[in-house]
Amino acid sequence: MTETDPWAALRAARAQERKTLDEPSGKAILASFGIRVPAFRVVRSNGDLDAIKGELRPPFVLKVVSAEVVHKSEFGAVKVGLKDEFELNSALDAMRATLEGRGIRADCWMVEEMVPAGLECVIGGVIDPEFGPMVMVGLGGILVELMGDVAFRICPIEKADAVEMLRELRGVALFSGARGREPASFDALVDALLKVGGKNGVLMGCADAVSEIDVNPIIVTRDAAIAVDARFILTPLA
Amino acid sequence: MSALEQFAPLFTPASVAIIGASASSVSAGNRFIRHMKTFGYDGRMYPIHPSADEIEGLKACASATDLPGVIDYAYVAVAAAQVPSVIRSLTGRVRIAQVMSSGFGETSAGHGLEQQVAQAARDAGVRVIGPNCLGVYSPRGRMTFTERTSADLGVVGVVCQSGGLGIDIIRRGQNRGLRFSGLVTVGNCADVSPSELLEYFLESPDTSVVGLYLEGAGDGRRLFEVLSAANSRKPVVLLKGGCTRQGQRAAASHTGALSGHERGWKALAAQTGAVLVDSLDAMIDALLAFQCLLPRANPTRRAVLFGNGGGTSVLGTDAFAKAGFEVGAFNPPTLARLEALNLPAGSSVLNPIDIPAGALQQDEGKVAERVINAVQESRAADVLAMHINMTVVLSFRHIDMLGNLIEAALRVKARDRVGMHVVLVLRSDGEPDVEQRKREYRQRAVAAGIPVFDELIPAVGALSALRHVETFRAHRTDA
């Protein structure tokens with residue numbers, strides 16, 4: 001049952017009084033709803049890195065998994081563009097040293113296939129005190145708060161709502177490839193938005209267990225929308 | 001039981017009980033009885049009083065158990081602490097009770113008492129509206145809770161969470177030409193929620209547009225569900241107080257930081273076709289537009305302005321354009337047609353069409369009808385906004401130019417077969433005689449289905465509300 005129940009890790013984290021869900025578990029939830037996530041492996045030591053070879057395609061991304069790290073990029077806790085196991089090993093050593101220097105404990109590490117460049121977007125969720133689950137889409141990835149180019153809807157949304165949300169964004173022209181940039185798949189993001197905010201989506205499934213969700217960034221390429229990070233903020237068990 | 005069946009006794013009660021009328025002074029209950037009598041309520045009224053035989057000329061009952069049969073509506077205005085026991089005493093005696101008393105959840109000490117009211121309502125099987133409200137206005141049921149309310153039947157239904165604002169909506173609204181199917185003040189909503197009364201108005205055949213003023217929290221989800229299910233069957237205009245208060249939660253995510261109270265209400269409007277407005281006047285403007293105009297299948301886009309006054313034409317064009325309407329040039333056939341009318345010197349037949357009063361007076365303003373006819377028959381406009389500077393037009397005292405201009409609009413409206421919206425902007429300087437003329441013409445125009453606004457900017461706001469509903473319906477039909 002645990003293999004097929006996407007919420008098992010979420011229940012366990014709440015039972016352990018954790019405030020957030022770790023990234024691998026969050027991504028497993030997204031993947032179980034059909035949202036694309038990069039192929040990844042969880043490693044606990046340098047020794048585990050050998051097993052990556054042949055399973056994941058370089059270049060790799062190394063990330064720390066730690067309840068104590070909120071915004072990974074601000075801690076130097078993400079390293080991208082690693083070409084092989086050698087670079088992975090030294091990046092892991094360096095990252096471990098940096099975090100230990102700051103007194104931060106790593107739970108484990110993630111090695112991911114690096115996602116190709118694309119339009120950095122955000123899908124989010126919040127449990128509104130008045131309306132219950134609401135879904136958000138926005139442009140700018142981790143810069144979303146600076147740009148403020150977002151649209152909200154009350155869940156569950158339908159496809160027409162998802163389309164309207166994207167059209168509401170000031171930067172919607174970016175999807176058709178403004179100023180010589182690669183186009184980004186409008187349809188793939190609509191699809192991901194429905195999988196988060198739709199009738200059988202992520203938010204309707206966990207509205208009683210989370211307060212907020214960030215899928216940020218979700219990188220939209222010519223033909224896919226790939227969730228590069230996933231944060232679930234948990235509500236305490238009653 | 002449908003909401004229509006459940007709340008019909010609220011708007012057309014055959015009998016009314018009054019709890020809280022005084023035998024020796026004039027309390028809220030006494031004033032209610034007086035208002036009802038003045039308004040011509042023709043059902044039975046039963047004051048309940050432990051000792052008096054008669055109150056306000058009506059025979060009093062000593063207690064609820066003495067009431068003859070089941071009473072449709074009880075007006076309750078007693079001290080807050082007595083309300084729960086009064087509600088319990090109505091068990092099996094009253095269908096709907098409205099509690100005017102204050103001192104409940106709106107005060108720091110009253111939350112517990114409000115919960116007791118809700119519990120008493122459930123235990124008694126009585127639906128309770130309020131507490132902390134003012135009453136119901138229903139011209140059809142000859143019910144009112146305040147003075148100077150119109151007896152005319154109308155199609156506007158309103159649920160209002162503020163009593164005082166409810167009086168504003170009735171009184172200011174009726175002077176703007178609004179006519180109501182009903183207005184209910186709901187106060188703290190301990191038992192009956194605003195969305196339940198919204199359901200009533202959505203089901204009521206007497207109502208074609210609904211206004212909501214909400215300020216409390218907690219009913220949003222149900223409101224969303226009711227509005228979603230209604231799928232914009234009737235236009236709903238929503239004024240939400242307290243929109244700017246941000247969520248109290250400290251956000252732990254980007255999404256949380258970007259979310260706020262107002263986002264939800266905007267989302268609600270986008271998803272259900274409800275129109276969100278931000279002032280009392282904007283609400284009245286929008287309700288008036290929906291009372292008068294039938295939403296078009298093709299959303300309103302092209303506006304033609306016609307009036308006297310170059311400056312107003314320019315500012316009006318800006319207002320329409322800023323709101324996303326197109327004030328475009330006429331196509332050659334339309335232009336040729338307008339030019340063939342040989343308008344008086346000084347006129348401009350481009351859009352906006354501007355004919356100064358000095359030019360209009362040559363044929364006492366009768367040319368106006370030929371102009372707007374040409375616009376209508378050439379299907380050049382989704383909306384025609386006719387604006388009149390009354391001060392200037394009325395200064396030509398030897399002729400009834402104003403009358404002729406407005407008659408022209410009324411006749412064109414009556415002949416309309418192409419679904420062109422016609423709106424009238426009567427611009428006054430506030431002089432009593434000008435205001436008086438405006439009143440007269442406003443009532444005539446609104447009765448004929450032409451909404452009248454004081455300025456072009458509120459007209460644009462009301463037309464934007466109309467377009468929101470038209471666009472929502474057009475999109476949802478496509479999907």
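Predicted model: local features only at pLDDT ≥ 70, side-chain atom pairs only at ≥ 80, totals over all residues.
Residues are numbered from 1 along each chain as its sequence is written, and chains are lettered from A and ligands numbered from 1 in the order in which they are written.

Chain A is divided into domain 1 (39–113) and domain 2 (119–234), with bounds that come from an automatic or database domain assignment. The centres of these two domains of chain A, taken over C-alpha atoms, are separated by 27 Å.

Between the chains, 26 residues of chain A are in contact with 22 residues of chain B; two residues are in contact if their C-beta atoms, placed from the backbone, lie within 7 Å. On the side of chain B that touches chain A, two or more residues each come from helix H7 (220–230), helix H8 (254–258) and helix H9 (261–272) of chain B. Helices (H or I, at least four residues) and strands (E, at least two) are DSSP runs, numbered from the N terminus. H9(B) gives the most to this side, with 6 residues. By class, the side of chain B that touches chain A has 10 nonpolar, 10 polar and 2 charged residues. Here Ala, Val, Leu, Ile, Met, Phe, Trp, Tyr, Cys and Pro count as nonpolar, Asp, Glu, Lys and Arg as charged, and the others, Gly among them, as polar.

Chain B contains an open sheet of 5 strands in the order S2-S1-S5-S6-S7, with parallel pairing; two strands pair if DSSP finds at least two bridges between them. Strand S2 (44–48) and strand S7 (127–129) of chain B each have a single partner strand and stand at the edges, so one side of each is left without a neighbour in the sheet. Within the sheet, strand S1 (residues 15–19) of chain B is joined to strand S5 (residues 71–76) of chain B by 4 bridges, and B:Ala17 has B:Ala74 as its bridge partner in S5(B).

Strand S17 (residues 421–427) of chain B runs parallel to strand S16 (residues 383–389) of chain B, to which 7 bridges join it. B:Val423 in S17(B) stands opposite B:Ala385. S17(B) also pairs in the parallel sense with strand S18 (residues 452–453) of chain B, over 2 bridges, and B:Leu424 has B:Val452 as its bridge partner in S18(B). In S17(B), 7 of the 7 residues are buried, so this strand is largely enclosed by the rest of the structure. A residue is buried if 20 or more other C-beta atoms, placed from the backbone, lie within 10 Å of its own, exposed if 12 or fewer, and partly exposed in between. B:Leu426 is buried, with 25 other C-beta atoms within 10 Å. Leaving aside neighbours within four places in sequence, the contacts of B:Leu426 include B:Ile388, B:Tyr441 and B:Val452.

The largest nonpolar core has 211 residues; a nonpolar core is a set of buried Ala, Val, Leu, Ile, Met, Phe, Trp, Tyr and Cys residues joined through C-beta atoms within 7 Å. Helix H18 (residues 456–478) of chain B gives the largest share of this core, 9 residues. The residues with the most contacts inside the core are A:Ile218, B:Ile87, B:Leu384 and B:Ala409. Apart from this core lies another, of 18 residues, among them A:Phe60, A:Leu92, A:Trp109 and A:Val111.
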